[in-house]
Amino acid sequence: MSFFDRNRKKLAELGVDPARLPPGQYHTERFPVLHVGDVPTWDPATWDFRIFGAVAAERRLSLDELQALPTTTITTDIHCVTKWSKFDTSWTGVKFTDVMALVDVAPAVAFVIGHAEYGYTANVPLADLAHDDVLLAWEYGGQPLEPQHGAPLRLVVPHLYFWKSVKWIRGIEFSTRDKPGFWERNGYHNYGDPFREQRYTND
Ligand SMILES: Nc1nc2c(c(=O)[nH]1)N[C@H]1C(S)=C(S)[C@@H](COP(=O)(O)O)O[C@H]1N2
Ligand SMILES: [Mo]
């Protein structure tokens, strides 16, 4: 039996529904760290979060201003395209929809591009970010987000492969046209649904 088959079988033995594990994934209790480039440093005095693109007026918020918005905690499974999945992770932050409500978004907007330090980007259809469990998060497991996991702020989009969950996010761009992000331009699927195993461009 392969590693993957054994891993899936073990889930059932642990009393976890194996249907929670997308095809081709294995379950881990570790929390791997995955990114391109270095972990950025940040200065609370100058750090800001920019809401821009097809909006009536751009906004810039400090971390304090973001954290003063209504706070939500979610518990969710996450799935990395490198094949690990982690169950019941908990994240605290503000709902994407609560941040979106701060600006007037043009009716024709259909895409959002998350922009991070060092130019990392990821594109997600606006409809996917309107889910109630999509957060801009600053806590993981009830503790401040660790630098390697995206401090001070990261996007969490649980239902897509985790590369869409932009760490060190500094802004969101509303767009009427799609703009493939860093991995989407480098061979990964444009949408990235783990349950349809949309790993690479033509999957
Ligand atoms: N800014 C930025 N965000 C990023 C990445 C990155 O390289 N840069 N990697 C993505 C990928 S591929 C994954 S799997 C997750 C990993 O998050 P973790 O290190 O907290 O597990 O972050 C995503 N967000
Ligand atoms: Mo990933």
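Trp168 counts as buried because its relative accessibility is 7% (buried means under 20% relative accessible area, exposed over 50%, partly exposed in between, with a 1.4 Å probe and protein chains only). This is a predicted model, in which local features need pLDDT of at least 70 and side-chain atom pairs count only at pLDDT 80 or more, while totals for chains, interfaces and linings use all residues. Residues are numbered from 1 along each chain as its sequence is written, and side-chain values use heavy atoms, with hydrogens and water left out.

**Overall shape**
- The radius of gyration of the protein chain is 17 Å, which agrees with the value near 17 Å for a compact globule of 203 residues (taken over C-alpha atoms; the rule is 2.2 Å times the number of residues to the power 0.38).
- The C-alpha trace spans about 55 × 35 × 30 Å along its principal axes.
- Of the 203 residues, 48% are buried.

**Secondary structure and backbone**
- The protein chain has 4 helices and 11 strands (DSSP runs numbered from the N terminus: helices are H or I with at least four residues, strands E with at least two).
- Trp168 lies in the loop between β10 and β11 (169-175), and its phi is near 50°, a positive value in a residue other than glycine.
- Glu197, in the segment after β11, also has a positive phi, near 50°; at 29% relative accessibility, Glu197 counts as partly exposed.
- The Ala151 to Pro152 peptide bond is cis, with omega near 5°, and Pro152 sits in the loop between β9 (143-144) and β10 (154-156).

Key
Chains are lettered from A and ligands numbered from 1 in the order in which they are written.
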